[in-house]
Amino acid sequence: MLGTQKHRASVHFLVNMLEAYYFAYAEAINRVLGTSFSDYPGDVETIPHPKGKLKEELKKQSRNFNEIQDGGQILDLLDIEQVLAQPDTCASLRTLFAWCLKVLEQYPSQGYLDQSVMNKYRLNDGILSPITSPQ
């Protein structure tokens with residue numbers, strides 16, 4: 001659609017629901033909802049309908065999930081470094097971070113970039129989305 005101007009736009013796809021990332025850092029869920037979830041052992045971006053999974057698990061414990069109130073608190077506590085700690089998971093989210101960093105590299109005087117950022121989010125050795133990483 002953009003033809004020769006495709007370098008001027010970037011489209012990134014995260015998983016269908018942000019709730020998937022909660023499962024990569026279950027401590028955030030536990031602190032907000034008083035549960036005892038463990039971190040998901042695989043790639044959270046492969047969880048089908050993570051919001052439904054969360055609600056189902058909470059229902060077993062006679063608890064509810066309020067997307068706005070609880071979700072906002074969980075997001076505030078979410079440790080993105082921990083979410084991206086496994087280099088073979090979260091390709092979509094890591095690709096978004098890599099793209100943002102590429103844009104910020106254009107403003108070196110602002111001090112946005114140093115090697116620790118690349119290491120922190122596993123941008124050097126972590127998987128990236130084959131669909132959106134070339135953008």
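This is a predicted model: local features need pLDDT of at least 70, side-chain atom pairs count only at pLDDT 80 or more; totals for chains, interfaces and linings use all residues.
Residues are numbered from 1 along each chain as its sequence is written, and side-chain values use heavy atoms, with hydrogens and water left out.

The chain folds into seven helices and zero strands, where helices (H or I, at least four residues) and strands (E, at least two) are DSSP runs numbered from the N terminus. Read from the N terminus, the order of elements is α-α-α-α-α-α-α. Of the 135 residues in the chain, 35% are buried; here buried means under 20% relative accessible area, exposed over 50% and partly exposed in between (1.4 Å probe, protein chains only).

Aromatic contacts come next. Rings of Phe, Tyr and Trp (its six-membered ring) pair if their centres lie within 6.5 Å, with planes under 30 degrees apart counted as stacked, over 60 as edge-to-face and the rest as tilted. The count by this rule is three aromatic pairs. In one of these, the ring centres of Phe23 and Phe37 are 6.2 Å apart and the planes stand at 80°, so the pair is edge-to-face. This pair joins distant parts of the chain, 14 residues apart: Phe23 belongs to the loop between helix 1 (19-22) and helix 2 (26-33), and Phe37 to the loop between helix 2 and helix 3 (50-60). Both phenylalanines, Phe23 and Phe37, are buried. Phe23 also has the charged end of Lys53 over its ring, 5.7 Å from the centre (the criterion is NZ of Lys or CZ of Arg within 6 Å of the ring centre and within 35 degrees of the ring normal).

The loop between helix 2 and helix 3 also holds Pro41. Pro41 is exposed, with a relative accessible area of 82%. Its C-alpha atom lies 8.1 Å from that of Ala24, 17 residues away along the chain.

Helix 6 (residues 91-104) has 14 residues. Its buried residues are Ala91, Ser92, Leu93, Arg94, Thr95 and Leu101.

Terms used. The expected span of a helix is 1.5 Å times one less than its number of residues.
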